[in-house]
Amino acid sequence: MGKARPQVRQGVNPACDLLAERVGTRGLTKLAALGNDRVNWLLAEAIKLCNPERVLVCDDSAEDAALIRGRAMTGGEEQALDMSGHTVHFDGYVSSRRHDQARDKENTRYLVPVGCPAVEELNTCEREAGLAEIRGIMRNIMAGKEMLVRFFCLGPVASPFSIPCLQITDSAYVAHSEDLLYRPGYKQFRRNGSSAPFFAMLHAAGRLEQGVSADIDHRRIYIDIAKDLIYCANSQYAGNTVGLKKLALRLAIRQADRQGWLAEHMFLMGVHGPGGRVSYFCGAYPSACGKTSTAMLRGETIVGDDLAYIRAICGRARAVNVEKGIFGIIEDLNPEDDPELFRALTSPGETIFNNVLVSDGRPYWNGMGQQMPQQGVNYSGPWWQGKTDCWGEEIAPSYRGNARFTLALERLANLDPQAEQASGVPLDGIIYGGRDSDTAVPVQESFDWEHGIITMGAALESETTAATHGAVGVRKFNPMAILDFLSISLGRYLRNNLSFGRQLDRPPLIFATNYWLVDDRGDYLNEKRDKAVWLKWMEARVHGELAAIRAPTGFLPRYQDLARLFRQVLNKGYSRQQYCTQFAIRVPQNLAKIARIVERYRCLEGIPEEVFQLLAEQQQRLRDLQCRKGELVSPSELPLEDC
């Protein structure tokens, strides 16, 4: 007699019998080892709905990872480049007005059960209606294809931060991307046992034409908050399809809300002080405000560039990088400003390039510091200088603003040695930064946790740039740089941030940065590399080594401290005139900002009263200063406080 087929544990749904019919012996063995009824149930339901020809269940092995990379190549979703390990993926492009190269905000919706209170800031859909629609779109969507079943872990494995995730997809490109971005999770599922909760993602690229999703008019990303389950159909762009990234962030925010921790859109880095000391900072910045360039500063170490979980452990805030890789914007990444990333991208090693120009087997992108070829292949097919789309709009060689790269952080020489610490790193400071041409000083520290959360985090704005659609210089309200990803009301999210600090014996200090002040001619008052000095000042403040000046908006650096740091860190001078111009309190502009922020919050329900109270107190301090000193106040006119 032959060997008996391994048996998966049966759940309450008889559809689990499908597993025995559609999953091979090797896959059934892997599922049986998990003994997780919900995994079996979800997989059987996905098979029944999507009707794949084959099902490949993967574990954490290098063999399965190599199999996925091979599938991405043979299936045409990625093409090999000349350098060893380098591949390129193109997302769907019909024209500048119809493409699959950005997050689909309009069709990303939360499925909310009947009877649940509506949250006006969220894009929602009634749950049963949404499920009927997405299931109709996904019915038989994998016919003739192979379904890939992957297990990953958000946060370090075997950690208080770990969140297991099940990814079901028909895209080897998506699965390959997640191998680079996330820790393997099959062993985590085994470790957690049969009933441990997890996030689940079901993705189908849909009908393909020339290897890309063709039916993007039926693109949907629906988040079933009742089941911690994400559906995505008719897209390949990683911002929509790599469910463990910003889609899982939405689920994590809800879990953090229930459990009393924070899930944040923040980088995490180590800032190096004297005597080998390392202080850890998180930072929240909207797009195009300096987030990655700050996290990757020369001489410092990176833990993560995008997402962080923060927990209170033994009275201290501790943080981890949710991911283990980078899915980063490649435009303007060059050897002068980004030496370590540029080195990694131009060296052998596993790297996926997205929507760049390929010529003679090499990738090229806008702003890389090299001459761009006049022809090649890009997201539009064969490309030449001056090529236009059907609207007569010129097609950029590399997709402007959202060409990307994907690589593992272990490729970087500046990866912090504590990056995989299961208990996280101790969090010393939190930084909020936006693009602001005329109001905020380059760096300042809040008076305390509540003041920082409200006046720096909750009041975060950023000006639009020429790289975005619409008018330039419009101030966009984006508290904590997380507005696009909130899955609870903004009021509840702010209340959670305020409450979190009260769990701590010593909350992290909160800072605000602004790299974008300009003079009357429109020239920047700071150089790009000056942010290295602001970070060193923050690191010293964390350890109580420097006094500060008390302004109405927070604590400012003293001139003598910055002059010394400019010489030590950048080996350049820093004049008192520069200092007074950069750190002057621009009273009318600060008052106007408070008025804008208060107006926005007055339109929303459930906003904590502390928001209005702390903004009103700051408003009064500014008015008092205006009465005493005028509208533009030099830091030399403000009191020194040794705090």
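Contact here means heavy atoms within 4.5 Å. The legends below describe close-up views of a predicted model.

**View 1. Asn-234, in the loop between β15 and α8.** Strand β15 covers residues 229–233 and helix α8 covers residues 238–241, and Asn-234 is placed in the loop between them. The phi angle of Asn-234 is near 65 degrees, a positive value in a residue other than glycine. Asn-234 counts as buried, because its relative accessibility is 4%.

**View 2. Asn-140, in the loop between α5 and β8.**

**View 3. Helix α4 and its buried side.** Helix α4 comprises the 13 residues 62–74. At 1.5 Å a residue the helix should span 18 Å, and its end C-alpha atoms are 18 Å apart, so the two values agree. Asp-64, Ala-65, Ile-68 and Ala-72 of α4 are buried. These four residues cover an arc of only 105 degrees around the axis, which puts them on the same side of α4. An α-helix has 3.6 residues a turn, so residues three or four places apart point the same way. Ala-62, Glu-63 and Thr-74, on the other side of α4, are exposed. The elements that cover the buried residues of α4 include α2 (25–34), β1 (54–57), β8 (146–154) and α6 (172–181). Just after α4, Gly-76 adopts a positive phi of about 85 degrees.

**View 4. The packing of α4 against α6.** The angle between α4 and α6 is about 140 degrees, and their axes are 8 Å apart. That angle makes α4 oblique to α6. The crossing in which α4 passes α6 is left-handed. On the α4 side, the contact is made by Ala-65, Ile-68, Arg-69, Arg-71 and Ala-72. The residues of α6 that take part are Ala-172, Tyr-173, Ala-175, His-176 and Asp-179.

**View 5. The packing of α17 against α18.** Helix α17 (residues 587–602) packs on helix α18 (residues 609–629) at an angle of about 160 degrees, with the axes 10 Å apart. The two helices are therefore roughly antiparallel to each other, as angles over 145 degrees count as such. The passage of α17 across α18 is a left-handed crossing. The residues of α17 that make the contact include Leu-591, Ile-594, Ile-597, Val-598 and Tyr-601. Among their partners in α18 are Val-611, Phe-612, Leu-615, Leu-622 and Leu-625.

**View 6. Gln-421, in the loop between β28 and β29.** Gln-421 lies in the loop that joins β28 (404–408) to β29 (425–433). A relative accessible area of 33% makes Gln-421 partly exposed. Apart from residues up to four places away in sequence, Gln-421 touches Pro-156 and Val-320. Asp-224 is 197 residues from Gln-421 along the chain, and the C-alpha atoms of the two residues are separated by 32 Å.

Definitions and conventions:
Residues are numbered from 1 along each chain as its sequence is written. This is a predicted model: local features need pLDDT of at least 70, side-chain atom pairs count only at pLDDT 80 or more; totals for chains, interfaces and linings use all residues. Side-chain values use heavy atoms; hydrogens and water are left out. The expected span of a helix is 1.5 Å times one less than its number of residues. Buried means under 20% relative accessible area, exposed over 50%, partly exposed in between (1.4 Å probe, protein chains only). The arc is that of the directions from the helix axis to the C-beta atoms. Axes are lines fitted to C-alpha atoms, for helices over the stretch in contact, and angles run from 0 to 180 degrees between N-to-C directions. Angles under 35 degrees count as roughly parallel, over 145 as roughly antiparallel, 65 to 115 as roughly perpendicular and the rest as oblique. A crossing is left-handed if the near helix is turned anticlockwise from the far one by less than a right angle, and right-handed if clockwise.
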